[in-house]
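Biologist: I would like to learn to read a model like this one, feature by feature. Where should we start?

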Amino acid sequence: MNPALARHLQTLGLERAPFPPTPDAAAWFQTARLETERVEAAHCLRTRAGFVLLTGEIGTGKSTFLRRLLGALGGEGMVTSLVFNTFLQGPDLLAAVLRDFGLEARGTPAADIDTLNRFLVKQWRAQVTCVLMIDDAQNLTLESLELLRLLTNLETGQEKLLQIVLAGQPELRDNLEQPGIRQLTSRICKHVQLDVLAADEVQRYVHYRLDAAGNPSPGIRLRADAAQALHRASGGNPRRIHQIMDRCLYGLYALPAHARVIDPALVRTAAAEAGARPLARRLRRARPSLATAASLTGALAATVLFLALRGTDSRAEDTPPTPVPAQSSGPSTRADDADWNACLRRLGQADVQVQAVTDTWLAQVPTRDGLCLRQLAGGWQAGWRTRLRAEDFLAAQDQHARVRAVQALLHAEGLYAGTLDGLYGPRMRAAIAHFQQRSGLPASGAPDPATLFLFDTLLAAPAATSSTSPETQHHGNG
């Protein structure tokens, strides 16, 4: 790490940069929808169902999603090739794919395809699935897309030998609609569309990133009205949020720990310095327009300007909201925030899930052990870590014990009538959807984090002796 950056983070009490300019799969902000999309994409690749398309505007996390997907596919039974340099076209692109699979290019497309085919057949016989991931695929020419179509023709007669993931900006969809490659487009089995963050997700996103970077207690906090200003300034684009928040941190540099509260004035100043502009409001799932990434300028030069403008902003805007008494139904107090952060740290930083939950979901939880919980305005927020993972539902056939246990649980609940084979198929998916509907969750049928926590606690319930262990935390006004 750069020594100057290390000193800066140490002054703020942080262990790592919370808002880096590069993809950061280690601190994945996981919503139920994103996790569902990732699990379904991994399932399509593992079952060799076709190829996956991933699109999204600049800065919405496509490269991070690919890295998380790559992590889900890691381990025995999977070989992956990840190509970032799509300025290579045609034969050069094919040679790059071969090199990433550990093969030697022979100099002509026909010879290279033959080499790749022999390799894929060998892997198929060993029951190994081969996946090719191409980032920034909107740069691919028609010639290169036609080459990919030829690669999708490599098959055994029953299965495709090569699974492909194409990730790119929205114009990639337009490129794939060209009549000359409609055979390639017809083989898309899953289309993941990444969108910007909604207004109510921005504050949770910022606090999650700070906590993942080791934010102390009391630590850096983003006021609710500042989160609204941040959403307006960034349009909900994660990369722009990082640019603005990085400058906000420098605005807190000279303040004592208890005063490191980000207000709307600091957000507006940081946004102006970062060159961020609001994106046009649009409905989710609508086709986004092409955005231009804002340039990242030096942040240290803005420190004095940040601090000066903080002192000249209106008194009412600089005054933090008054904490709500504990017996009210309003938002949690700062003391509750400290307890909440301490509870999350006890769970550990790896694979901790944090998301909003409903009263119906809470009623299904047999024990609060291992659950961090606080009441916010309009609902509950929960944090947990489970032994079950979404990847367990896509594991090799000799590793299905956990899924069989879930099937037995669903069978006991009268939701699953199939064989306890540990396979995540249509019958299992329908049973999970019924379980989710009964539990106040979106009935997607996918093993999302909130569903996995319920499975985990229900499976462990017979061994649970108390719901008030030291790990049980209920923070807030409930």
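**Reading the model**

Modeller: Buried means under 20% relative accessible area, exposed over 50%, and partly exposed in between (1.4 Å probe, protein chains only). This is a predicted model: local features need pLDDT of at least 70, side-chain atom pairs count only at pLDDT 80 or more, and totals for chains, interfaces and linings use all residues. Residues are numbered from 1 along each chain as its sequence is written, and side-chain values use heavy atoms, with hydrogens and water left out.

Biologist: Where does Arg 404 lie, and which residues does Arg 404 touch?

Modeller: Arg 404 lies in helix 17. Helices (H or I, at least four residues) and strands (E, at least two) are DSSP runs, numbered from the N terminus. Contact means heavy atoms within 4.5 Å. Not counting residues up to four places away in sequence, Arg 404 touches Leu 420, Asp 421 and Gly 422. Its C-alpha atom is separated by 7.8 Å from that of Leu 423, 19 residues apart along the chain.

Biologist: How does helix 17 cross helix 19?

Modeller: Begin with the geometry. Axes are lines fitted to C-alpha atoms, for helices over the stretch in contact, and angles run from 0 to 180 degrees between N-to-C directions. The axes of helix 17 (residues 401-412) and helix 19 (residues 449-460) come within 10 Å and cross at roughly 80 degrees. Therefore helix 17 is roughly perpendicular to helix 19. Angles under 35 degrees count as roughly parallel, over 145 as roughly antiparallel, 65 to 115 as roughly perpendicular and the rest as oblique.

Biologist: Which residues meet there, in helix 17 and helix 19?

Modeller: From helix 17 come Ala 405, Val 406, Leu 409 and Leu 410; from helix 19 come Phe 455, Leu 458 and Leu 459. By class, this contact of helix 17 with helix 19 has seven nonpolar, no polar and no charged residues. Ala, Val, Leu, Ile, Met, Phe, Trp, Tyr, Cys and Pro count as nonpolar, Asp, Glu, Lys and Arg as charged, and the others, Gly among them, as polar.

Biologist: At what angle do helix 10 and helix 12 cross?

Modeller: Helix 10 and helix 12 (residues 264-274) have axes that come within 8 Å and cross at roughly 20 degrees. So helix 10 is roughly parallel to helix 12. Helix 10 passes helix 12 in a right-handed crossing. A crossing is left-handed if the near helix is turned anticlockwise from the far one by less than a right angle, and right-handed if clockwise. In helix 10, Asp 225, Ala 226, Ala 229, Leu 230 and Ala 233 meet Pro 264, Val 267 and Ala 271 in helix 12. By class, that contact of helix 10 with helix 12 has seven nonpolar, no polar and one charged residues.

Biologist: What do the buried residues of helix 10 pack against?

Modeller: An α-helix has 3.6 residues a turn, so residues three or four places apart point the same way. The buried residues of helix 10 include Ala 226, Ala 229, Leu 230 and Ala 233. They pack against helix 9 (199-212), strand 6 (221-222), helix 11 (238-251), strand 7 (261-262) and helix 12. Gly 235 follows helix 10, with a positive phi near 70 degrees.

Biologist: Which residue other than glycine has a positive phi?

Modeller: Most residues other than glycine have a negative phi, and most peptide bonds are trans. Asp 136 has a positive phi, near 55 degrees. Asp 136 sits in the loop between strand 3 and helix 6. Gln 127 is not a glycine either, and has a positive phi of about 60 degrees. Gln 127 lies in the loop between helix 5 and strand 3. At 67% relative accessibility, Gln 127 counts as exposed.

Biologist: Is Leu 162 buried or exposed?

Modeller: Leu 162 is buried, with a relative accessible area of 3%. Leu 162 is found in strand 4. Among the residues it touches are Phe 101, Leu 120, Leu 132 and Leu 151.

Biologist: Where is pLDDT under 50?

Modeller: pLDDT is the predictor's confidence in each residue, from 0 to 100. It stays under 50 over residues 278-335. Where pLDDT is low, the predicted coordinates should not be read in detail. The mean pLDDT of the chain is 76.
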